[in-house]
Each structure stands twice: as structure tokens, then as C-alpha cells.
Amino acid sequence: FEAQEQISYTSKKSYSRNDWQGGYKSLKQEFDYWIDDIEEQIPPELKGTLFRNGPGLLDINGQTIHHPFDGDGMISRITFSNGRAHFSNRFVRTAGYLEEQKAGKILYRGVFGTQKPGGWLANAFDFKLKNIANTNVIYWGNKLLALWEAAEPHRLDPHTLETLGKEYFNGVLSEGEAFSAHPRFDPSCEFDDGKPCLVNFSIKPGLSTTFTIFELDTTGRIIRKHAHSVPGFAFIHDFAITPNYCIFFHNPVTFNPIPFALGMRGAGECIKFQPNQPTRIIIIPRRTLAQERRKGVQILETQSGFVFHHANAFEQGNEIIIDSICYESLPEVEPESDFRQTDFDALKPGQLWRFHLNLQDQSVRRNLLESRCCEFPTLHPEKVGRSHRYLYIGAAHASNGNAPLQAFLKMDLESGERQLWSAAPRGFASEPVFVPRPGSQKEDDGWVLALVYDASRDHSDVVILDGRNFNQGPVARLHLKHHIPYGLHGNFTPE
Ligand code: 3ON
Ligand code: FE
């Protein structure tokens, strides 16, 4: 009877937790090969390189890390040319990675609860950070950079993926200074004759929080840098830009450093969500030239909630409109719990909301765009900071409830149409990346590239969907010779 109950219980779900767990194993080997196991065909016009970053190690020589966000960064690279694709992966040789691999044990505490062996006494008063370079990878100004939000970027050789060292942008960044993992690429900067530019930020936490904004030109030079301070502790992972503004969601959280100091919890586990306090939306002008007589930093308020990722923002009349994935609260990482045992049903899903920020009367209005559990929103690169029609997002297979990502959702915000391609029951999704078809005019004319972990083979696939139509399934599915642990972010470069 028990066995029967088990079956009916799991058959309601689009996944089994055991399958999902398979994507959270270390990949210790580094590969370099042409992908030869391909379903259907790689579009011959698809030319360029997809770089992905994410935790490659979930253990250090058998000592398991407490949370995937603490895992050492590993870059995967998939290069497309003439209908063929090449794969390679390399760990970022950060100082901490090299030391720990040599020692064969955990030497650093992680932000999300990884501790050195030996209990709290062995961890107390150790405030060193290991820059794990695991969150994003960008190619900008002829530099390939692995990013982690609490410290400086690591530069890699784009051809060999060899780690070249830490990047300080000609000394504009100082030793240990953060450069977030969520830069935004402005396709046409109004203040630089319409040339593209990269906008990024850093957060310096404390009793008050300092936001620093960086803008880089196409040669990779930091051409603007300015800092602003706001009261209170902040944990801010992502932001959005418009031609004139940077927008941050200052989620209501407090930080209690004592369990961290005493070696009992990671710093990230000492952040407590405050459901009865509002979210403050911080709007920082990208330029503060006196003659423009712009208002300074504006702070608007909205409901409590937690946002990791924004899809996009744009200006419309007196408003800034921003689409973001909101959670009802920040799930607390319990020090005793194992992330592999996550009870998805016990957590609230991330959902896509649209916020209207009225700069005239400082009011905020919001409406739900999509109730399906989703995460990792993306769009056409030319639409960043401009009004967009389409979004592509990682999504759950089922239309309600919380579950791991198994599908990709295309949203048409004009017609309201949704298209879903699902890899369920045994496939697990990750961040999609939209690549415009060369010479295309329409916003959805391109491909959506993503890694999918296939539990049935315990390997990962590179899936290519047609951005115009998800309904006929992938254009091509490239089978890798191994799995890739669930990753975080990445980017495509046509080079
Ligand atoms: O806020 C302070 C400043 C700061 C930058 C204190 C602090 C120590 C917490 C801190 C450091 C923050 C860090 C290192 C954050 C790293 C975040 C990270 C590696 C990943 C975040 C991922 C977010 C999401 C939503 C991932 C979703 C994943 C899935 C759906 C699974 O596939
Ligand atoms: Fe992120």
C-alpha cells in the first residue's frame, strides 16, 4: 500500500526529485571536443559563441559544499560555425580554487553556508571571502570576464579559457572591490553618440549601503563611475537600466552578523526577510550633470517581496516600467538542511510582475504578468532598456505551484500569447539566451539557446529553439558527452 501511495504521489508531479538531484553533481573533468551527437540540425546561420558560468564543483575532494551558490565557477563554451558546434569547459583558476584543490579540502567559508571542517570553532571569526567567479561570464572590450558579485572579475583567455588574473580596468577598480555579476548592455547609449555601452554596479553593504555605478565603453574602459549611499543593509543581486536610469529593488531584509562571526552560519544565511516592510525602489540617474537639472536619487515604495532578477525596464512618459521575477519572501537557507532535499511544494514560486513607477507622483502600481513559476528572464539584446514585446524565461512544467525549471516560456506581451516547450519529465532547464538571426528585423526572429540536464542519460544537452515558434519543439538538440551542473548565467557573442 505504501508503495502504491508513493507512485500516485510522484505521478502528480512532472519530475522526480531524484532526477533533479542528478544535475547537482560536480563535473571535475575539463573537456574539449566537437559535438557529434546531434538531433536535427544546427542552423547554418547560427554563428558565434555561447559562454556559460555556474558552480562546477558541488564538493571539494568529497567534502560537500552547503549550497550550489558556493560552488567554484566553471566556464562552458559552445562555439557554433557552419552548422557545427564545439564544446569546452574550464574551471576559473581563482586563488581559492587552486589552494583548495591542492589541499584536497575546504579551506574557505562560503557566503551560503559552506563551512570549513571542524565545527563552529574552526570557522569563528574567519571573515575571508573566496572569490569563486561562478555567476556570470561576459565578453566585452575584447575581454572574457568571469563575474561574482562580491569581488572583482577574473579575466580568461577566450580561446583557451585559461585564467589570466583578476581584472581592474586600468586601476579604476581597486583590490577586492566588487563588480556585480549582472551587467546590462545598453545597445545604444544616448550620451555616447548611440554607441553600445556596458552598465554595471557594485554593492558595499553595511548599516548604510553604497551603490557604485560603472559604465564601460566598447573598448572596455570605465568611462563613468559614481557612488550613492542609501540607509539600511541591502542584498541586491541584479538591476535594470533605461537610457537615463539605473533601477534597483532594495528588498526588505536585515542582517544579523553574530551567527556568522561565531562560525555558525554563512553571511548569506544571516539575512532575514522582513515581510512587514516595503520594498524600496531606488532610481539612480545614469548621469548627474548639473546643467541637466535632473532630480537626484529617487526612492519609491511598493509591497514587500524579494526580487533576484529583473527582465527589463523602459521609460514611458512619466513612468519607468519594469518587469521582475518576485518571490513572496526570501527562502531562508537553514544551516542544518540539505539543498538536495528541497521540498519544492513548501516554497512559493517566483512569478513575473510588471511595475509602473510614476516619477511624477512617486506612486508604484503593479500587476501580475505570469503566475507560472519562472526564473531567468531574457530578451532580444537590442531591447534592453527599451519597450519589449517578447520575453523568454525558464519555467516550471506545470502552470501552478512551485517546481524546478523544466521548460522555456515565450511570452508575447502584446497579444498575451504564451508558448511553452517543456523538457519534462526527465529534463531540467536553465537560463535561456536569445540570439537574433543575422539581418533579422522582427523581435522574435532568432534562436533561444539553453542547457538542459537530461536525467535519463545523466548528461546535458544544448537545446536550440526557434524564437518565433516554440510549438514545434527544438530546431536542434546537441548531446554533450557528460552532464553540466545546473548553472547560473551566460552570454552569446557573435564572434
Ligand atoms: O548583501 C551583501 C553584499 C553581498 C554582495 C552581503 C552578501 C555577503 C550576502 C553579499 C554577497 C552576495 C553573493 C555572493 C551572492 C551570490 C549569488 C549567487 C551566486 C547566485 C544567485 C542566484 C539567484 C537565483 C534566483 C538562482 C536561481 C536558480 C535556479 C532557479 C536553479 O537552477
Ligand atoms: Fe543572477
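This is a predicted model: local features need pLDDT of at least 70, side-chain atom pairs count only at pLDDT 80 or more; totals for chains, interfaces and linings use all residues.

Q: Why is K481 called partly exposed?
A: K481 has a relative accessible area of 43%. Buried means under 20% relative accessible area, exposed means over 50%, and partly exposed lies in between, with a 1.4 Å probe and protein chains only. K481 is therefore partly exposed.

Q: What makes the contact of K481 and D36 a salt bridge?
A: A salt bridge is a side-chain nitrogen of Lys or Arg within 4 Å of a carboxyl oxygen of Asp or Glu. For K481 and D36 the N to O distance is 3.9 Å, and the pair therefore meets the rule. K481 lies in the loop between β34 (476–479) and β35 (490–493), and D36 in the loop between β1 (32–34) and β2 (37–40), so the pair ties together parts that are 445 residues apart in sequence. Strands (E, at least two residues) and helices (H or I, at least four) are DSSP runs, numbered from the N terminus.

Q: Why is D36 called exposed?
A: The relative accessible area of D36 is 62%, so D36 counts as exposed.

Q: How many salt bridges does this rule give?
A: The count comes to 40 salt bridges. One of them joins K13 and D345, at 2.5 Å from N to O. K13 is in the loop between α1 (2–11) and α2 (17–21), and D345 is in the loop between β23 (319–327) and β24 (351–358), 332 residues apart.

Q: Are D323 and R354 buried or exposed?
A: D323 has 0% relative accessibility, so D323 counts as buried. R354, at 15%, is likewise buried. The two residues form a salt bridge, with the closest N and O atoms 2.7 Å apart. D323 lies in strand β23 and R354 in strand β24.

Q: How do you know that β23 and β24 pair?
A: Two strands pair if DSSP finds at least two bridges between them. Here 8 bridges join β23 to β24, which run antiparallel.

Technical notes: Residues are numbered from 1 along each chain as its sequence is written. Chains are lettered from A and ligands numbered from 1 in the order in which they are written. Side-chain values use heavy atoms; hydrogens and water are left out.
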